[in-house]
Amino acid sequence: MVGPHPEFIPPARPIIGEAEIEAAVRVLRSGRVVQGPEVAAFEEEFGELVAGRHCVAVNSGTSALQLTLMALGFGPGDEVIVPSFSFAASANAVRLVGAEPVFVDIEPGSFCVDPEAVAAAVTPRTVAIMPVHLYGHPAAMDKIMAIAERHGLAVVEDAAQAHGATLHGTPVGAFGTAGCFSFYPTKNMHALEGGMVTTADPELARTLRLLRNQGMEQRYANEIVGANMRMTDVAAAIGRVQLTQLAEWTEQRRANAKFLDSTITGLVTPPVADGARHVYHQYTVRATGNRDAAMTRLTELGIGNAVYYPTPIHRLKPYLAEDGTPGPWELPETERAAAEVISLPVHPSLSQADLDRIAEGANLAGGAR
Ligand SMILES: *Cc1c(COP(=O)(O)O)cnc(C)c1O
């Protein structure tokens, strides 16, 4: 039995620095702790990341997705097109409002939803498309928006992993009817927990504000049935600090990825689509040989590694057909990706020595049998 490596490089490293701690303490001392001035300021400042769209802060990325689908009036009998190769939250949000996810395959290069598969999955019940900007790579939004316009569908971008990613210069979260971000600790920026909905539609923004707070704009003058999905001011204050660092951290992630691209030959490095600015929430390679052996080797070498996601959503228990089988889906690229991917550390806290070790380790792991 080998013990843990003495200089293990973690796959992710959430940052909670002195500035975050001071911001949290400042809010606690102020006494205004929920949906107050820090939340309003965070919403205002986050708008700069999404071409000035309205921003509505909530308590998680999953809440952002769920509340958006609710605000758009979707529910039982409605179908939402989602990739199966994503975190379960994407499909969970659809089910939480009573609608049905329709799973489609991904493009093998970007790991994001395949626009042709999206077009083929539209039925008279389809109400929305939910592209996921997986690993920080923007989905093919130009093509997806064209399909949505042709069929009169809403587009809800799952941008939980892609703060600051762009396609042909337009930021994710600024294409669709709405964009949904997460501020979970391992994301490119965090607020402990938190989420943001971005939209160009002021009416949708207002509905989201009502829904996150019991249907109230004026206290006790409830207009509709709503939930409690408010963000705390502690979270918002931490998010504001992180937002000031995001551009620098993103450049560091991109520089780390560039180095790994140029030095890893033993595993298949991630391609980037034309016009896409990848923000590398994950640096995800493919092992075309024995993945288990490659991961064991990486772990022995003290290099953090993980599979996002080993089981496509359509194979998870809540999404199986009634007879316990995976249903009618044919998703060969999804199945292949789930069997081949390994995410390597790419976070901004890596040193050059770490990066050298990751590249060397990946090349050794590629040959592992
Ligand atoms: C993290 C994540 C979510 C959910 O965000 P939470 O803040 O954890 O609720 C949704 N979709 C994707 C693709 C994610 O990675």
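So, the shell around the ligand: by class it has five nonpolar, eight polar and two charged residues, where Ala, Val, Leu, Ile, Met, Phe, Trp, Tyr, Cys and Pro count as nonpolar, Asp, Glu, Lys and Arg as charged, and the others, Gly among them, as polar. Keep in mind this is a predicted model, where local features need pLDDT of at least 70, side-chain atom pairs count only at pLDDT 80 or more, and totals for chains, interfaces and linings use all residues. Residues are numbered from 1 along each chain as its sequence is written, and side-chain values use heavy atoms, with hydrogens and water left out.

Okay, who comes nearest? Of the 15 residues around the ligand, that's Gly61, Thr62, Asp158, Ser182 and Lys187 (near meaning a heavy atom within 4 Å).

Now the polar contacts, meaning pairs of N or O atoms within 3.5 Å. A ligand oxygen is 2.7 Å from a side-chain N or O atom of Ser182, and for Lys187, again in the side chain, the figure is 2.8 Å. With Gly61 it's a polar backbone atom, 2.8 Å from a ligand oxygen. On its own the ligand has 380 Å² of accessible area, and the protein covers 92% of that (Shrake-Rupley method, 1.4 Å probe).

The whole structure has twelve aromatic pairs, that is, Phe, Tyr or Trp rings (the six-membered one for Trp) with centres within 6.5 Å. Take Phe46 and Phe183: the centres are 5.5 Å apart and the planes at 85°, so we call that pair edge-to-face; the label needs over 60 degrees, while under 30 is stacked and the rest are tilted.

Conventions: Polar contact = N/O pair within 3.5 Å; in protein donor to acceptor, adjacent residues only side chain to side chain.
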